[in-house]
Amino acid sequence: MKTLSENRCFGGIQGVYSHQSAATGTEMTFGLFQPAEAQDGAVPVLWFLSGLTCNHENAMIKAGAQAWAAEQGLAVVYPDTSPRGENVADDDAYDLGQGAGFYVNATQDPWAKHFKMWDYVADELPALVFEHFALDRDCQAITGHSMGGHGALTLAMSMPGRFRSVSAFSPICNPTDSDWGAKQFGAYLGGNPETWRAHDASILMAENGFDGPVLIDIGTQDQFVDLLRPETLATAMAARRQQGVFRMQPGYDHSYFFVASFMEDHVNFHAEALWA
């Protein structure tokens with residue numbers, strides 16, 4: 001693992017690191033904020049999964065989580081959204097290929113060689129950070145924005161007991177029935193929609209639910225709301241009587257201005273679960 005940068009931040013350290021990934025076969029970069037408390041022992045950790053076109057930097061720089069995480073004594077990990085490099089498959093469209101891994105393990109060419117983002121985020125990166133940093137593997141929570149909200153929800157509901165809480169900003173809620181999902185799943189996973197179901201938050205909510213609290217925020221002026229299909233997740237949560245809060249925030253759009261506006265709420269929501 002290489003240290004690319006470390007900066008003092010709200011009494012802690014905001015670092016950026018890279019490593020050679022066995023899952024993706026590429027060099028991967030991630031950000032990690034460690035609060036001051038990490039100097040004295042392992043601290044709870046919040047995972048932040050970013051959305052389409054993003055890398056590890058977007059949320060790290062724009063979301064403003066560090067101030068609230070420092071206040072609550074939480075670490076925050078910012079993974080990249082896909083493998084990258086000259087020999088990694090890509091597409092001219094912004095919503096497929098590099099920057100658009102959708103947190104799945106691709107099975108179809110040309111994506112299958114490198115696009116193993118489920119294995120990377122679920123297994124490989126956690127093993128790395130718990131080995132090298134003072135993080136508590138028994139106290140994890142997860143959140144994300146847009147495509148990352150989709151990833152946070154599907155990971156949380158697919159791995160009972162891993163995360164104490166899950167939240168999402170503007171998540172892609174029903175990708176099997178949206179152009180933000182069906183297009184990518186068809187490319188990465190093949191043409192059989194049955195293979196897509198394991199990566200649809202609304203289906204997983206209806207069938208499995210989550211064994212902890214859920215917080216969802218979506219702006220009423222989100223320009224991509226028809227692609228997000230929030231009504232499907234809200235209906236599934238209500239039908240299941242899922243412990244959670246689903247909020248439509250008046251006037252907000254899909255941007256990081258929206259994310260930053262409610263980041264304090266989300267960090268405090270996770271801190272309550274992690275420190276319980």
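## Strand pairing around strand 3

Phe-33 stands opposite Val-76 in strand 5. Strand 3 (residues 27–34) and strand 5 (residues 75–78) run antiparallel and are joined by three bridges. Helices (H or I, at least four residues) and strands (E, at least two) are DSSP runs, numbered from the N terminus; two strands pair if DSSP finds at least two bridges between them. This is a predicted model, in which local features need pLDDT of at least 70 and side-chain atom pairs count only at pLDDT 80 or more, while totals for chains, interfaces and linings use all residues. Residues are numbered from 1 along each chain as its sequence is written, and side-chain values use heavy atoms, with hydrogens and water left out.

Strand 3 also runs antiparallel to strand 2 (residues 12–20), with eight bridges between them. In this pair His-19 stands opposite Met-28 of strand 3. The hairpin of strand 2 and strand 3 has six residues between the strands, and Gly-25 there takes a positive phi near 70 degrees. Seven of the eight residues of strand 3 are buried (under 20% relative accessible area, with exposed over 50% and partly exposed in between; 1.4 Å probe, protein chains only).

## Nonpolar cores

The largest nonpolar core has 64 residues, of which Phe-30, Leu-135, Ile-142, Leu-155 and Tyr-188 touch the most other members. Helix 3 (residues 117–132) supplies the largest share of this core, nine residues. Such a core is a set of buried Ala, Val, Leu, Ile, Met, Phe, Trp, Tyr and Cys residues joined through side-chain atoms within 4.5 Å. Another core, of 26 residues, lies apart from it; Ala-59, Ala-63, Cys-139 and Val-259 are among its members.

Leaving out residues up to four places away in sequence, Ile-142 has contacts (heavy atoms within 4.5 Å) that include Leu-46, Trp-47, Leu-49, Leu-155, Phe-163 and His-270.

## The largest cavity

One cavity of 30 Å³ or more is found, and the largest cavity has a volume of about 40 Å³. On a 1 Å grid over the protein atoms alone, a cavity is a set of points where a 1.4 Å probe fits but cannot get out, and a pocket is an open set with protein on both sides within 12 Å along at least five of seven lines; lining residues have an atom within 4 Å of a point. Grid points are joined across faces, edges and corners, and a volume is the space filled by probe spheres set on the points.

Ile-142 and Leu-155 belong to the lining of the largest cavity, as do Trp-47, Val-121, Ala-122, Pro-126, Gln-140, Met-159, Arg-162 and Phe-163. Helix 3 gives the most, three residues. The lining has eight nonpolar, one polar and one charged residues.

## The largest pocket and His-145

The largest pocket has a volume of about 180 Å³. It is lined by 13 residues, and Leu-52, Thr-53, His-145, Phe-224 and His-254 are the closest to its centre. Six of the lining residues are nonpolar, seven polar and none charged.

His-145 is in the loop between strand 6 and helix 4 (147–158). His-145 counts as buried because its relative accessibility is 5%. Beyond four places in sequence, its contacts include Phe-48, Ser-50, Phe-169, His-254 and Tyr-256.

## Cys-173

Cys-173 lies in the loop between strand 7 (166–169) and helix 5 (179–189). With 0% relative accessibility, Cys-173 counts as buried. Contacts of Cys-173 beyond four places in sequence include Asp-200, Ser-202, Arg-229 and Leu-233. Cys-173 and Gly-151 are 22 residues apart in sequence and 9.9 Å apart in space, C-alpha to C-alpha.

Notes: Nonpolar A, V, L, I, M, F, W, Y, C, P; charged D, E, K, R; others polar.
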